[in-house]
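Morning, everyone. I have one structure to show today. Let me put it on the screen.

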Amino acid sequence: MNATATQQHKVLVLGAGYAGLSAAIQLAARTRKRGNLRVTLVNPYDTFTERLRLHMTATGQETAEMNIPGLLDGTGTGFVRGWVTAVDAETKTVRIDDDRVLRYDTLVYGLGSIANTVAVPGVDNHAYTLDSPEDAAILADRLTRLDGGTVVVGGSGLTGVEAAAEIAERHPELEVVLLGRQEPGASMHPKAKAYMDAALARLGVRVRSGVEVAKVLPGSVELADGSSIPAGAVLWTSGTRVSPLAAAAGLTVDERGRVVTDSALRSVSHPDVYAVGDAAAIRQGYGVMHGTCQGGMPTGVHAALSILRVLAGKEPKPFRFGYYHTPVSLGRNDAVVQFTHPDDSPRRIVLTGKRAAKYKETVTAAPWPTFARMKKMPASGAFWPHGGRYTRIRSAK
Ligand SMILES: Cc1cc2nc3c(=O)[nH]c(=O)nc-3n(C[C@H](O)[C@H](O)[C@H](O)COP(=O)(O)OP(=O)(O)OC[C@H]3O[C@@H](n4cnc5c(N)ncnc54)[C@H](O)[C@@H]3O)c2cc1C
């Protein structure tokens with residue numbers, strides 16, 4: 001797999017999210033002076049989607065525009081605007097929605113995840129999502145048109161909590177109901193959970209936990225106990241699902257369709273495919289990583305480093321990552337930050353209030369400057385907590 005000076009090795013990165021963009025920038029920054037590697041990034045938009053701010057877009061707040069081709073300028077990385085419709089792992093080609101076919105020698109698969117709208121009947125047709133800036137803007141429009149009434153947020157995980165708090169703060173004329181199986185903040189330290197509960201109550205969010213949504217209808221949500229909640233809008237945040245493209249390409253995927261990787265982040269079935277971010281099932285000592293931005297960016301950087309090591313004829317290093325925090329916004333001026341052990345279990349340390357809101361904003365705003373810094377100093381992106389004893393895998397591949 002050594003790329004000689006005469007052969008150009010094509011690396012195709014699918015998805016310019018937190019993980020894919022990290023991979024593309026890291027690769028480009030480390031190889032810009034070498035003519036034998038060609039990196040191309042594919043994404044449906046030429047602006048970077050800060051998913052962490054989509055609940056702000058959904059409440060009509062302007063967010064900064066971040067231009068991806070501008071960021072890549074000077075790195076030699078190609079940018080293809082398009083939607084990937086198929087991956088052929090045998091011919092090593094990727095098809096784009098305008099029927100262009102792109103070839104690769106190495107693929108970085110970083111197509112992320114979206115809300116799971118297919119598990120409960122009616123969600124796909126009648127609920128809003130925060131899957132893209134367009135989806136969030138459609139909800140924003142709907143919320144401004146509601147003249148009072150109820151908005152149901154389905155899913156009491158942290159995305160649901162942040163969205164419910166944001167909607168309640170921006171639309172005090174609306175009643176916000178947060179529905180879910182679990183209590184909000186169930187996995188947090190009791191101190192953090194109590195703070196979250198009080199903040200949601202202050203904002204007037206009505207929490208109904210321990211409930212199962214049976215069906216979403218055009219103007220209501222039907223629960224498994226037979227009761228129904230009238231709703232002018234339903235926002236669905238419960239669960240995630242990934243693109244079916246990896247499974248369709250014959251890559252080994254887990255029960256949720258995520259690409260199963262080895263410790264270097266290569267597909268276990270197709271080692272010329274690397275998988276990063278939410279689209280990958282990456283095992284650590286504590287279990288399979290769950291989708292976050294804090295873990296997604298390191299996966300992109302590590303995949304880039306693995307690719308370069310393999311091309312140089314070296315063994316790639318195992319990826320290790322330990323979580324360190326869970327910052328949750330509760331409207332614009334309040335938040336709770338749960339500091340965690342590397343396996344994501346809560347520590348006793350919790351930050352709340354204005355200082356937590358500032359912390360959350362700093363974290364949310366960090367990726368774009370990090371990409372820009374990586375472009376000049378690739379090593380600056382290669383620092384993250386490795387998780388110590390939590391991430392040691394005894395039977396590492
Ligand atoms: C509202 C919201 C709030 C969140 N808050 C937090 C938080 O506070 N902290 C945290 O750590 N995580 C948070 N998350 C989760 C976090 O956003 C994800 O874990 C993170 O975005 C994963 O990065 P990624 O690069 O794998 O995927 P993404 O960032 O989703 O990027 C995937 C990219 O692939 C593109 N793509 C998808 N399909 C195709 C296709 N077929 N063809 C071409 N391109 C495609 C997408 O357009 C996108 O650009 C939040 C998520 C949401 C929705």
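**Overall shape, then ligand, then cores**

Start with the size. For 397 residues, a compact globule would have a radius of gyration near 21 Å, and the protein has 21 Å, so the two agree. Keep in mind that this is a predicted model. Along the principal axes, the C-alpha atoms fill a box of roughly 65 × 45 × 40 Å. On secondary structure, the protein has eleven helices and 24 strands. Burial next: 46% of the 397 residues count as buried. Now contacts. Take those between residues at least 6 apart in sequence: 66% of them join residues at least 24 apart.

On to the ligand. How many residues surround the ligand? The count is 31, and the closest are Gly15, Gly17, Gly112, Gly277 and Thr292. Which elements supply at least two residues each to this shell? Two or more come from each of α1 (18-31), β2 (37-43), α2 (54-57) and α9 (293-311).

Last, the nonpolar cores. The largest has 60 residues. Within this core, Val13, Leu14, Val108 and Tyr109 touch the most other members. Helix α1 gives the most to this core, nine residues.

Zoom in on Tyr109. Leaving out residues up to four places away in sequence, Tyr109 touches Leu14, Ala246, Val259, Val273, Tyr274, Ala275 and Ala279. There is also a second, separate core of 48 residues. Its members include Ala164, Ala233, Trp236 and Ala356.

Key:
Residues numbered from 1 in each chain as written. Predicted model: local features only at pLDDT ≥ 70, side-chain atom pairs only at ≥ 80, totals over all residues. Helix = DSSP H or I, 4+ residues; strand = E, 2+ residues; numbered from the N terminus. Rg over C-alpha atoms; globule rule 2.2 N^0.38 Å. Buried ≥ 20, exposed ≤ 12 C-beta atoms within 10 Å, placed from the backbone. Contact = placed C-beta atoms within 7 Å. Near = placed C-beta within 6 Å. Core = buried A, V, L, I, M, F, W, Y, C linked by C-beta atoms within 7 Å.
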